[in-house]
There are 2 protein chains.
Amino acid sequence: MTATPPQDDVAAHDVLRVNTVLDRLLPSVADVDNDVASLASAMRYAVLGGGKRLRPRLVYAAGRAAGADLDVLDRPAAAVELIHAFSLIHDDLPALDDDCLRRGRPTVHVRYDEATAVLAGDALLALAFEVLAGSFADAARATRWVCLLARATGAFGMIGGQMIDLAGESRRLELSALERLHRLKAGALIYAAVMCGAVAGRLGEAEQRTLGNFGEEIGLAFQIQDDVLDATAPTRTLGKRQGADERRGKSTYVTLLGVQAAATEAAKHLQLALRHLAPLEERGKALAALAEQMVERTF
Amino acid sequence: MTATPPQDDVAAHDVLRVNTVLDRLLPSVADVDNDVASLASAMRYAVLGGGKRLRPRLVYAAGRAAGADLDVLDRPAAAVELIHAFSLIHDDLPALDDDCLRRGRPTVHVRYDEATAVLAGDALLALAFEVLAGSFADAARATRWVCLLARATGAFGMIGGQMIDLAGESRRLELSALERLHRLKAGALIYAAVMCGAVAGRLGEAEQRTLGNFGEEIGLAFQIQDDVLDATAPTRTLGKRQGADERRGKSTYVTLLGVQAAATEAAKHLQLALRHLAPLEERGKALAALAEQMVERTF
């Protein structure tokens, strides 16, 4: 029996691993036409300039729980982060959230220009699917991944959530609408990250569903905690402007419930998530630790 | 021996067919959350509001030449049109070409708003890949389609071309740069449309390559003809503002060579394209007719 490495080592390993994969998959400035250099540069700036890589870590952790090889997980881990980066670039655009700070640095449309930001987001989204489909070893699995991530991105996922979010700037959302928003805007991609790992291994359908249920709850818990942090953590720690939601008049769990009750909600959905992992016993331990870290984070 | 139906009937059949598929695949306003209704509406407005469906027709025609079943071709035919529609929405945005007229109607950001236009484009791109991967019958073919269309869209395809196009607003492009631009911006997706059909049938690698070479040349010929029409056809016929390229100071085949020489270039690349079809003999006839129609069109 080998000793289990400490969670911090696994986290550092997974972050390093996906960063290496992303660096290799992104177009290099030298590879492209001169006039396309700033596009490649903006894509790299958006993806490689920091970030906690929580979604790729979920792919790896769920994949380990499912008994998948790490090599198989590199492509979905990278793809989910490319999609996350695409969504941040477009959400930050002047026509949407009009944010100038992200991960402690100017947003892409500030650092480059708006046209480049639109196109760099588009190119990252396309690249995500190219990366998934490039895994010819098992085409059935690749199409499953494409389906999961395309669905999580579109009108019934993240982008649908973003529309509800924009609607929430002009009127107060009910708590039920806000939960739907969070399940779509952040939850859908987090769920898909967990499922990309789950389907890469040797689990039966029931166990895959269990992981999916875990993914849904952890996605919601994560986003509620995000509301809490937006209201309480300093800009310097967040890497984006503190209190941005409130200034925009957005409904959040904090504006509807207050900080304390919102934090309690996050903790409740974390517990629901962890309960779904119980049938996996020992195999679910690392995933549980990551889930706790995602919700109990301070930035 | 059955009589070959006239080309016009085939064209009308294919247009109707892909329109039916698109209508079914696009989210309906009734299916989505209230706050997402305008997104679904914008997606339908952009895709179903006209268009010549040349790219889907290329998928069907190349697929027929390759001996593929029409049923198999519906998904790539629809996906290529979804990607085309996505690219038009984003190209028309104020930060990019700032166009207010498309297919004879207000562009999406004028009819809805800029945020909805960004997100509707994103959602169409994601939907295209969901559609391709939803074809579980043959996962190997589905991943091939995803690769072809993702590559055609990204930094080494359409979006790369759009970057060169934007660079061309601030300086005069050489003819070689312009050819590269056209091969990427319009050519890459047209090539991919042909290849999606080519790989769906029973062709050997050499014959697939032949169709690919045809696709590259017809894509370039088509875009040169587009330059000619932008300079010569009336706004009413074009469905978009005539002379838009010139007003923006863009380099085109017409600004560099004049109308006559540009038309000659288009005809030259059409001939190169047709020559690639020769080995397919009778099977290439319908594709050749479509190619001629694409380049000899008047709008």
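Chain A of this predicted model averages a pLDDT of 92, with 97% of the residues scoring at least 70; pLDDT is the predictor's confidence in each residue, from 0 to 100. For the complex, the predictor gives an ipTM of 0.95 and a pTM of 0.95. Residues are numbered from 1 along each chain as its sequence is written, while chains are lettered from A and ligands numbered from 1 in the order in which they are written. As the model is predicted, local features need pLDDT of at least 70 and side-chain atom pairs count only at pLDDT 80 or more, whereas totals for chains, interfaces and linings use all residues.

Turning to the symmetry, chain B is superposed on chain A by a rotation of 180° with 0.0 Å of shift along its axis, at an RMSD of 0.0 Å (least squares on the C-alpha atoms of residues with pLDDT of at least 70 in both copies). This is the relation of a two-fold axis. The same surface serves both copies, as 100% of the contact residues of chain B recur in chain A. Within chain B, the C-alpha of B:Ala139 comes closest to the rotation axis, at 2.6 Å.

At the interface, 45 residues of chain B are in contact with 45 residues of chain A (contact: C-beta atoms, placed from the backbone, within 7 Å). On the chain B side, helices H2 (37–48), H6 (114–133), H7 (139–153) and H8 (158–167) each supply at least two residues; helices (H or I, at least four residues) are DSSP runs, numbered from the N terminus. H6(B) gives the largest share, twelve residues. By class, this side has 31 nonpolar, seven polar and seven charged residues (Ala, Val, Leu, Ile, Met, Phe, Trp, Tyr, Cys and Pro count as nonpolar, Asp, Glu, Lys and Arg as charged, and the others, Gly among them, as polar).

Now for the helix packing. The axes of H7(A) and H6(B) come within 8 Å and cross at roughly 150° (lines fitted to C-alpha atoms over the stretch in contact, with angles from 0 to 180 degrees between N-to-C directions). That makes H7(A) roughly antiparallel to H6(B), a term for angles over 145 degrees. Residues of this contact include A:Val146 and A:Arg151 of H7(A) and B:Phe129 and B:Glu130 of H6(B). By class, the contact has six nonpolar, two polar and two charged residues.

Inside chain A, the axes of H6(A) and H7(A) come within 8 Å and cross at roughly 160°; these helices are therefore roughly antiparallel to each other. A:Ala128, A:Phe129, A:Leu132 and A:Ala133 in H6(A) meet A:Ala142, A:Trp145, A:Val146 and A:Leu149 in H7(A). The residues of this contact divide into eight nonpolar, no polar and no charged.

Notes
Contact = placed C-beta atoms within 7 Å. Parallel < 35°, antiparallel > 145°, perpendicular 65-115°, else oblique.
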